[in-house]
Amino acid sequence: MRWFYDPTLTYEDNYANGPFGAFAGDDAVLAADSPHEVFLGHPVHRPFGIPAGPLVNAAFCEAAFRQGFDVNVYKTVRTGAYPCHPFPNVLNVHVEGQLTLDKAGAPLLADGDLSRATSISNSFGVPSRDPDVWQPDMAAAVAAAGEGQLLVGSFQGTHPAPGVADRAAAYVADHVTAARLAAETGARVLEVNLSCPNEGTGNLLCFDTESVVRIAAAIKEEIGDLPLLLKMAYFRDDAALAGFVEATRGIVDGYAAINTIPARLVDADGAQALPGSGREVAGVCGGAIRWAGLEMVERLARLREAGDGFTIVGVGGVLTADDYSALRAAGADAVMSATGAMIDPALGAKVRALG
């Protein structure tokens, strides 16, 4: 079955001509009924959908809603146009069992045979159109949500160019501008991406708690009561995670975890699998990181019990309806699937069918 985001095509081809496969039709796969649950104050059929990544524009978001994915995230945007990494971006990553942190420290075989893939590379570099393009398109994605459905707007800041006098202040200001532009589209929930390893750095923003506090506080001052989620990576250290949550829980509305687990990808000859400078390491997503997504939800749920409540969005390795149920049982208020949704476009309908 052809994936709705076709990894055999470039990002630009997908943006211009997708979605594909089961998402290409115009008919809704499910009859409308009344929403049964609530996510961040909004009634939803099921708090399940597709995270920032494969839903690259409004056409993809609208198709996801039609297929029964009810909480979907528009791919992360920026305050200015930003290029995609060279093709290819998605490879089959061969992992025996779980991608533990120890395994991620050694080279992993990756290739273009996606026919049986359950874990894949995610190496795009967070491309973005100019706001003049993505703002009206995100607004169209917001409008495509039906009753019991919700569009989340994802954004991130871009590091200032060399020579800027106060780079830290400029970085905060860029986040604030991105948040304002996303809020202007009518998105009823925003998510700031603090966790992308695809820009060629292991120094993820979510591991710099002091900077996150400054950025999150400035964003909330700009957007007011509009709910804000922080997209996080996997935290190795319990104390670091507890400190991050303690410092930010009074500012933001919740946390989405995880993004990917970075690993060094090589081809059959041991050479770098993805072309281009800075792409020796890429984020890995799919079934091999299920353990990490589940564990982070469990750890966040324990921290939630210790004080004021917050929302938890479980992401990572969700391939089946049973995976959805496991994350909900662990404490997730919502669950999202990217790789699983691409492999099985009926996954939204299967989650809807759960008792």
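How many helices and strands make up the secondary structure of the protein?

1. **Basis.** This is a predicted model; local features need pLDDT of at least 70, side-chain atom pairs count only at pLDDT 80 or more, and totals for chains, interfaces and linings use all residues. Residues are numbered from 1 along each chain as its sequence is written, and side-chain values use heavy atoms, with hydrogens and water left out.

2. **Overall build.** The protein has 11 helices and 15 strands. Helices (H or I, at least four residues) and strands (E, at least two) are DSSP runs, numbered from the N terminus. The radius of gyration is 19 Å, close to the 20 Å from the globule rule for 355 residues, so the protein is as compact as a globular protein of that length. That radius is taken over C-alpha atoms, and the rule is 2.2 Å times the number of residues to the power 0.38. Along the principal axes, the C-alpha atoms fill a box of roughly 50 × 45 × 40 Å.

3. Of the 355 residues, 56% are buried. Buried means under 20% relative accessible area, exposed over 50%, and partly exposed in between (1.4 Å probe, protein chains only). Take the contacts with a separation of 6 or more: residues 24 or more positions apart account for 73% of them. A contact means heavy atoms within 4.5 Å.

4. **Aromatic pairs.** Rings of Phe, Tyr and Trp (its six-membered ring) pair if their centres lie within 6.5 Å; planes under 30 degrees apart are stacked, over 60 edge-to-face, the rest tilted. The count comes to 14 aromatic pairs. Tyr 5 and Phe 60 form a tilted one, at 6.5 Å centre to centre and 45° between the planes. This pair links distant parts of the chain: Tyr 5 lies in the segment before α1 (11-17), Phe 60 in helix α2 (residues 58-66), 55 residues apart. Tyr 5 is buried at 3% relative accessible area, and Phe 60 is buried at 0%.

5. **A second pair.** The ring centres of Phe 207 and Phe 235 are 5.0 Å apart with planes at 80°, so this pair is edge-to-face. Phe 207 sits in the loop between β9 (189-193) and α6 (209-223), and Phe 235 in the loop between β10 (228-232) and α7 (238-248), 28 residues apart. Phe 207 is partly exposed at 42%; Phe 235 is buried at 3%.

6. **Cluster and charges.** Ring pairs join a cluster whose members include Tyr 5, Tyr 15, Phe 60 and Tyr 324. The charged end of Arg 129 sits over the ring of Tyr 15, 3.8 Å from its centre. Arg 299 lies over the face of Tyr 234, at 5.5 Å from the ring centre. The test is NZ of Lys or CZ of Arg within 6 Å of the ring centre and within 35 degrees of the ring normal.

7. **Helix α7.** Leu 241, Phe 244, Val 245 and Thr 248 are buried in α7. Seen down the axis, the buried residues fall within an arc of 95°, so they line one face of the helix. The arc is that of the directions from the helix axis to the C-beta atoms. An α-helix has 3.6 residues a turn, so residues three or four places apart point the same way. The buried residues of α7 pack against α6, β10, β11 (254-257) and α8 (290-304). The face turned away from the buried side carries the exposed residues Ala 239 and Glu 246.
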